[in-house]
Amino acid sequence: METSEAEKEMREWCVALPKVELHAHLNGSVRNSTLLELAKELGDKGVIVFEDVKDVIMKNDRSLPECFRLFDLFHILTTDHDTVTRIAKEVVGDFAAENVVYLEIRTTPKNNEAKGMTKRSYMNAVVKGLKSVEDVDVVLFDSNLRNDETPMSDLSGDTKRKKIYVRLLLSIDRRETTSAALDTVNLAMEMKDQGVIGIDLSGNPVVGEWETYLPALEHAKDLGIPTTIHCGEVPNRKEIQAMLDFCPQRLGHVCCLDDEEWKKLKSSMIPVEICLTSNVMTGGAPSLELHHFADLYNAKHPLSICTDDSGLFSTSLSNEYYLVASTFGLSKTELFRLAQGAVEFVFADDEVKKSLRAVFERAAAETLAS
Ligand SMILES: CNc1ncnc2c1ncn2[C@@H]1O[C@H](COP(=O)(O)O)[C@@H](O)[C@H]1O
Ligand SMILES: [Zn+2]
């Protein structure tokens, strides 16, 4: 009884903690209830068999190959303009509701001729979704920042209207060609004034070759667009080496590194996006207790705690922070410093960083004193 009270109090504290989310895939963050509703609609139209799809969504098999089969299914459910707008709106609302104060949401711009969709029109639908969030103030452009005195959410409760900075990263899917990957980078450049600030490389890690994406990633570098790369979800010596040599601004996962790569990562000081639940479910880490978070944290390597796919893995950023505390024994102060530290790794400009630092300073005064 006592333990569960303590757990409840700690979980609530993790929800109230202001948080920065740097690694969240749009289609992986969709609520199950929305997926089921969309499946029902497509079932009624005879496009899919609802009961089969429902079973797949609810089955809870989240091995790495199963995740990518699920994404193919999710994309059937979500990839039309109106639905993309809807999920973007819902996902931002969900993150803001748990006091995420800065969110970098990543998504793969998709061409879909049958739906009259281009990468550009897909992204326009995403941006439309971000702009249509009603219950929360979404700050999508830096220009909104000037003289902006609206208070951010804080630890004192839900009385204030919440405010969240949202930025977009465009993902290159490992199934794509060099030319499609280059299109994505050029689109990121075109959409710079609409909240797009970076490039991600993701997709099934057993598919594709590093050499295919390298020209696009180099192009991003030449254009001054920051990159983050899914690295080492499976052991692939040659690719992990090449990724570390590329020196992106951030790396995701870094699960399957050998001793030498581990040393190289640590001396690089490239910030790592840590996704505990995702890594344990997909087999990148053997268990929570044996997750490489502990080693990197003890080595004072720059880290940020992230969800990856909160819908797919039935988690939330607050839950990930709770898992850090309950698994590795971090105190509230340490957890707070971890959340605060992530501000330094955001891709947004210094104005945003300054504003986020102030949010954490205000929150520290309230939370760490108690
Ligand atoms: C579990 N670990 C992971 N590893 C690699 N890529 C992942 C991923 N989780 C998600 N994605 C990438 O994100 C896409 C879904 O969101 P968007 O359609 O882009 O919004 C997936 O199709 C995959 O390419
Ligand atoms: Zn990911």
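I take helices (H or I, at least four residues) and strands (E, at least two) as DSSP runs, numbered from the N terminus.

**Ground rules**

I am working on a predicted model: local features need pLDDT of at least 70, side-chain atom pairs count only at pLDDT 80 or more, and totals for chains, interfaces and linings use all residues. Residues are numbered from 1 along each chain as its sequence is written, chains are lettered from A and ligands numbered from 1 in written order, and side-chain values use heavy atoms, with hydrogens and water left out.

**Entry: the pocket**

I looked for open space. On a 1 Å grid over the protein atoms alone, a pocket is an open set of points with protein on both sides within 12 Å along at least five of seven lines. A residue lines it if one of its atoms is within 4 Å of a point. Points are joined across faces, edges and corners, and the volume is the space filled by probe spheres set on them.

The largest pocket comes to about 670 Å³. I found 38 residues in its lining, and F71, H75, T108, D173 and R175 are the closest to its centre. Which element gives the largest share of the lining? Helix α4 does, with 7 residues. At least two residues each come from α4, β2 (100-107), β4 (163-173) and α11 (276-282).

I sorted the lining by class. Ala, Val, Leu, Ile, Met, Phe, Trp, Tyr, Cys and Pro count as nonpolar, Asp, Glu, Lys and Arg as charged, and the others, Gly among them, as polar.

**Entry: ligand 1**

I then turned to ligand 1. A residue counts as near the ligand if one of its heavy atoms lies within 4 Å of it. There are 18 residues around ligand 1, and the closest are H75, T107, T108, K110 and D309.

I listed polar contacts, meaning pairs of N or O atoms within 3.5 Å; within protein, one must be able to donate a hydrogen and the other to accept it, and residues adjacent in sequence count only if both atoms are side-chain atoms. The side chain of K110 has an N or O atom 2.7 Å from an oxygen of ligand 1. The side chain of H25 has one 3.0 Å from a ligand oxygen. N27 uses a polar backbone atom, 2.9 Å from an oxygen of the ligand.

I checked where N27 sits. N27 is in the loop between β1 (19-25) and α2 (32-44). Is N27 buried or exposed? With buried meaning under 20% relative accessible area, exposed over 50% and partly exposed in between (1.4 Å probe, protein chains only), N27 is buried at 5%.

A cavity is a set of grid points where a 1.4 Å probe fits but cannot get out. I counted 1 cavity of 30 Å³ or more. The largest cavity has a volume of about 60 Å³. Its lining is R174, P205, H230, C231, G232, E233, V234, N236, E239 and I240. Two or more of these residues come from each of β6 (227-231) and α9 (237-246). By class I get 4 nonpolar, 3 polar and 3 charged.

**Entry: the core**

A nonpolar core is a set of buried Ala, Val, Leu, Ile, Met, Phe, Trp, Tyr and Cys residues joined through side-chain atoms within 4.5 Å. The largest has 120 residues, and Y102, I164 and F293 have the most contacts inside it. Helix α4 (residues 64-78) gives the most to this core, 8 residues.

N99 is in the loop between α5 (81-97) and β2. N99 is buried at 4% relative accessible area. Its side chain reaches the backbone oxygen of V15 at 3.0 Å.

H291 lies in the loop between α11 and α12 (293-298). H291 is buried too, at 2%. Its side chain makes a polar contact with the side chain of N279, at 2.9 Å.

**Entry: positive phi**

Most residues other than glycine have a negative phi. I noted V254, with phi near 40 degrees. V254 is in the loop between β7 (250-253) and α10 (259-268), and is buried at 0%. I also noted M269, with a positive phi of about 60 degrees. M269 is in the loop between α10 and β8 (272-274), and is partly exposed at 44%.
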